Amino acid sequence: MTAAEWRILSLFRRYQVGPAEMLFVNSRDCRVTAEGFVSAMRRLIENGMVVKEHPHQAYSLTRAGYEASRSPPDRRLFKVRHRVPR
């Protein structure tokens with residue numbers, strides 16, 4: 001899972017959205033570029049984790065997406081900045 005996909009799923013978790021509950025999501029909400037959001041959302045939909053709903057910018061989680069949103073992120077997705085000793 002990419003960092004953009006994780007950010008999208010974490011937004012569902014932040015708002016405590018369960019399976020089949022709708023959430024209006026856009027790239028600014030997830031702090032992802034517009035292109036990155038579209039690609040990440042497409043992959044989540046193709047992987048059966050998210051369903052596009054009819055209102056504009058509305059999505060819902062599948063059971064698999066809900067479970068993925070509840071799991072901890074893979075630490076390799078996010079760069080950790082280390083302080084360099086002087």
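Reader: Which residue of β3 does V51 stand opposite?
Author: V51 stands opposite S60. This is a predicted model, in which local features need pLDDT of at least 70 and side-chain atom pairs count only at pLDDT 80 or more, while totals for chains, interfaces and linings use all residues. Residues are numbered from 1 along each chain as its sequence is written, and side-chain values use heavy atoms, leaving out hydrogens and water.

Reader: What makes β2 and β3 a pair?
Author: Two strands pair if DSSP finds at least two bridges between them. β2 and β3 have three bridges, in the antiparallel sense, so they meet that definition. Strands are DSSP runs of E with at least two residues, helices are runs of H or I with at least four, and both are numbered from the N terminus.

Reader: Which other strand pairs with β3?
Author: Strand β1 (residues 22–24) does, also antiparallel and over three bridges. There, M22 has S60 as its bridge partner.

Reader: Which way do the residues of β3 point?
Author: A58 and S60 point one way, Y59 and L61 the other. In a regular strand the side chains alternate between the two faces of the sheet. The four residues are buried, which means under 20% relative accessible area, with exposed being over 50% and partly exposed in between (1.4 Å probe, protein chains only).

Reader: Why are the buried residues of α3 said to be on the same side?
Author: F37, A40, M41 and L44 are buried in α3. They cover an arc of only 100 degrees around the axis, and therefore lie on the same side of α3. The arc is that of the directions from the helix axis to the C-beta atoms. E35 and E46, on the other side, are exposed.

Reader: How does the span of α3 compare with the expected one?
Author: The expected span of a helix is 1.5 Å times one less than its number of residues. α3 has 13 residues, for which 18 Å is expected, and its reach from first C-alpha to last is 18 Å, close to that value.

Reader: What makes a group of residues a nonpolar core?
Author: Its members are buried Ala, Val, Leu, Ile, Met, Phe, Trp, Tyr and Cys residues joined through side-chain atoms within 4.5 Å. The largest one here has 19 residues, of which I8, F12, V25, F37 and V50 touch the most other members. α1 (3–14), α3 (34–46) and β3 (58–61) each give two or more residues to this core, and α1 gives the most, five.

Reader: What does V25 touch?
Author: Contact means heavy atoms within 4.5 Å. Leaving out residues up to four places away in sequence, V25 touches L11, F12, C30, F37, Q57 and Y59.
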